[in-house]
Amino acid sequence: MSNHVYKSLELTGSSEVSIEDAIKTAIAKANESIRHIQWFSVTETRGHVVDGAVAHWQVTIKVGFTLE
């Protein structure tokens with residue numbers, strides 16, 4: 001097993017559907033320009049309320065990827 005060095009960055013995804021969808025949106029967008037994404041962790045969850053109902057979910061995540 002080789003040793004790896006990881007870099008992490010912070011992203012915030014949003015969704016009208018769910019927390020999970022906000023996470024998937026952020027990771028999918030990052031995957032367009034970042035190779036070797038290996039893990040994520042949720043650091044913050046928040047939302048936007050309109051007329052007493054959740055209108056948007058916003059989820060901040062840390063994404064880790066291996067350096068080449």
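Q: Before we start, what counts as a salt bridge here?
A: A salt bridge is a side-chain nitrogen of Lys or Arg within 4 Å of a carboxyl oxygen of Asp or Glu. Keep in mind that this is a predicted model.

Q: Which residue does Arg35 pair with?
A: Arg35 forms its salt bridge with Glu68, and the closest N and O atoms are 2.7 Å apart. The pair links distant parts of the chain, 33 residues apart: Arg35 is in the loop between helix H1 (19-31) and strand S2 (37-50), while Glu68 is in the segment after S3.

Q: Is Arg35 buried or exposed?
A: Arg35 is exposed, because its relative accessibility is 55%. Glu68 is exposed as well, with a relative accessible area of 72%.

Q: And what does Lys29 meet?
A: The side chain of Lys29 meets that of Glu32 in a salt bridge, at 3.3 Å from N to O. Both of these residues are exposed.

Q: What about Arg46?
A: Arg46 forms a salt bridge with Glu44, with 3.2 Å between the closest N and O atoms. Arg46 is partly exposed at 29% relative accessible area, and Glu44 is partly exposed at 40%.

Q: Switching topic: where does Thr60 lie?
A: Thr60 lies in strand S3, which covers residues 53-66. Its relative accessible area is 4%, so Thr60 counts as buried.

Q: What does the side chain of Thr60 make a polar contact with?
A: The side chain of Arg46, at 3.3 Å. Thr60 also touches other residues beyond four places away in sequence, including Glu10, Leu11, Val42 and Glu44.

Conventions:
Residues are numbered from 1 along each chain as its sequence is written. This is a predicted model: local features need pLDDT of at least 70, side-chain atom pairs count only at pLDDT 80 or more; totals for chains, interfaces and linings use all residues. Side-chain values use heavy atoms; hydrogens and water are left out. Helices (H or I, at least four residues) and strands (E, at least two) are DSSP runs, numbered from the N terminus. Buried means under 20% relative accessible area, exposed over 50%, partly exposed in between (1.4 Å probe, protein chains only). A polar contact is a pair of N or O atoms within 3.5 Å; within protein, one must be able to donate a hydrogen and the other to accept it, and residues adjacent in sequence count only if both atoms are side-chain atoms. Contact means heavy atoms within 4.5 Å.
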